[in-house]
Structures are given as structure tokens and as C-alpha cells.
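Subject: The model we talked about

Hi,

Here is the structure I promised to pass on to you. Please open it alongside this note, and I will take you through what turned up.

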Amino acid sequence: WGMQNRHPWLKKTSFRMIEGPLLRGATAIHYTSEQEHEEAAQLGIQQRAVIIPNAISLPQQSDHSCHGQFRKRYPQLADRCLILFLSRLDQKKGLDLLLPAFAQLHAQEPEVMLVLAGDGESAFVTSLKKQAVTLDIGEHVFWPGFLDTEEKWTAFADADIFVLPSYSENFGIAAVEAMTAGLPVVVSDQVGIHREIVDASAGLAVACNSQALSQALQELSRNPGLRQKMGENGKLLMQREFSPGVMIDRLIKVYEDIGH
């Protein structure tokens, strides 16, 4: 996605002259997801691949102690079904898909509220806010701005659904953080760990279009039991695949194998 949409000539030239030769000279390449590995293979990188996900730092507070703090800080969120996006506000994140998808959902489920947490370039954020007004959802989209570490975990604790509809995401740290907090997640099929999420029944993965995204959000917003079950599955997936101990053990083994 970056080579096609972010300074494509510069990125392609840099890959051909700098990154490509470096990668081809590696004994092994550490990828954070199978999808990242597949995309590298499409660029002709055939060196030994090692798939080791990123590890996620756990919150200092428990879910129980965080619960209720975010909604208390922002009373307009009380008694609403909160759909949380928490990442940088950037073109790559699929926000142009999320706003119309939420507009479709809100027409059917008026109790839902979209929280867009994060910051970005002012011109882009302004364009998103204008889009929300044009879609007649301006009063139902909340923009808390950048959240520091403590605030981030309170937002996860009080949300009902997490969404990350990115056009490109080599891993998806925010989605794993959401699963750590017990949230069901809706991600695009361009988020690196979307297969792991679906295989674990921890969330839903959709194509990068507003209709599919809206349908997935509606499925979860209407089914609290499904949200709870997927949230529990997400916690188990995090512990099994994305905990620091698991990552460290796998990384040490790779270096031991290379050393031999």
C-alpha cells in the first residue's frame, strides 16, 4: 500500500537500491505476521522467514479498576454502545470507510457512538470532521484526541467493540491491545493478524469496503453474547500468541538456530 500511495517512485527506488539488497543478504528475516511475509515474497524476498508477532505490554491497572473511568470523564458517552477506533488518524487507517460504515449502522442502531481516539495532520482531521457532518453523524462521533497510556486502557475498558479498518497494517498492535482488554475486534483483511483473529473467533475480518464493515459492526452491536464470547477468545489468543514471554522464547530460539 505504501509503495502505491506514499511517494511510490521514491519508495520503489529505495527498495531496489537499499532495502532489497539488505534483505537478500540476511540469514533470516523476522516478520510479525504471515501476511507481512507474503507481501515480502511478492517483492521477491525469499530468505528464510521467521514469524514472531510483536509482544504487547500489559496495563498497569486491571480491567476492573479501569472500568467506568472513560465514560465518567466524558458523560456524553454514558449508556451508549461504544465503537472504538484508537490509532493515528491517517489515510492508511481506512477512516474514509469507517465514517460511512458507521453512518449506515447508526441509521439502524441509533444508540451506537463512534469514538475516534488519536491525532493526525490537522488538515486530514478537519476533513474527517467535515465528512462526519456531511454524513449527518457529527453528534454521534466523539474525538477525544491522543490518549496517553493510562487513558488508552480506560478507553479499552469502557468500549464495546474495537475497529481497525486499515488499508495496510503489517501487524495491528492496537487490535491486540483491544483483545487484551477483552474487546471483540473488527479489522480489515489487510491487517496482518486478521487470520489469527478469525481463526480464534476473537473478532471479524472484512474487505476494505464500507458495506462489509457496517455489516460486521452491526452483527456485534446487536449481539452482546457474541461480543462477550469473542472478547474472551481474544484474551486467550493474546496470552497464547502475543505475550512477552512467548515472543522472547521464540526470538531466543531463532538466534540459537542461527548461531549453530
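A word on handedness before anything else: a crossing of two helices is left-handed if the near helix is turned anticlockwise from the far one by less than a right angle, and right-handed if clockwise. Please also keep in mind that this is a predicted model.

**The pair α8 and α9**

With that definition in hand, α8 passes α9 in a right-handed crossing. Two packed helices are described by the angle between their axes and the distance between the axes. Here, helix α8 covers residues 149–158 and helix α9 covers residues 173–180; they pack at an angle of about 60°, and their axes are 9 Å apart. Angles of 65 to 115 degrees would count as roughly perpendicular and those under 35 degrees as roughly parallel, so α8 is oblique to α9.

Which residues make the contact? On the α8 side they are K152, W153 and F156, and these meet A174, E177, A178 and T180 in α9. Sorted by class, the contact has 4 nonpolar, 1 polar and 2 charged residues.

Together with S57, K152 spans 95 residues in sequence, while the C-alpha to C-alpha distance is 13 Å. S57 itself sits in the loop between β2 (49–51) and α4 (63–66), and S57 counts as exposed because its relative accessibility is 59%.

In soluble globular proteins, nonpolar side chains tend to be buried together. In this model, the largest nonpolar core has 69 residues, and those touching the most other members are L84, L98, F156, F162, M179, L213 and L217. Helix α6 (residues 95–108) supplies the largest share of this core, with 8 residues. Another core, of 5 residues, lies apart from it and includes I29, Y31, A40 and I45.

Neighbours within four places in sequence aside, M179 is in contact with V185, I193, I197, A202, G231, G234, K235, L237 and F242.

**Residues in loops**

Two residues other than glycine have a positive phi:

- D79, with phi near 65°, is placed in the loop between α5 (69–73) and β3 (81–86). D79 counts as exposed because its relative accessibility is 77%.
- S201, with phi of about 55°, is found in the loop between α10 (194–199) and β8 (203–206). S201 counts as partly exposed because its relative accessibility is 38%.

Is S243 buried or exposed? This serine lies in the loop between α12 (224–241) and α13 (244–259). At 16% relative accessibility S243 falls under the 20% limit, so S243 counts as buried. Setting aside neighbours within four places in sequence, S243 is in contact with A55 and M238.

**One more pair**

E196 lies in helix α10 and is partly exposed, with a relative accessible area of 25%. Between E196 and G145 there are 30 Å in space, C-alpha to C-alpha, and the two are 51 residues apart in sequence.

That is the tour. Do write back with any questions.

Best wishes

Key: Residues numbered from 1 in each chain as written. Predicted model: local features only at pLDDT ≥ 70, side-chain atom pairs only at ≥ 80, totals over all residues. Heavy atoms only, no water. Helix = DSSP H or I, 4+ residues; strand = E, 2+ residues; numbered from the N terminus. Buried < 20%, exposed > 50% of the residue type's maximum accessible area, 1.4 Å probe, protein only. Axes fitted to C-alpha atoms, helices over the stretch in contact; angles between N-to-C directions. Parallel < 35°, antiparallel > 145°, perpendicular 65-115°, else oblique. Contact = heavy atoms within 4.5 Å. Nonpolar A, V, L, I, M, F, W, Y, C, P; charged D, E, K, R; others polar. Core = buried A, V, L, I, M, F, W, Y, C linked by side-chain atoms within 4.5 Å.
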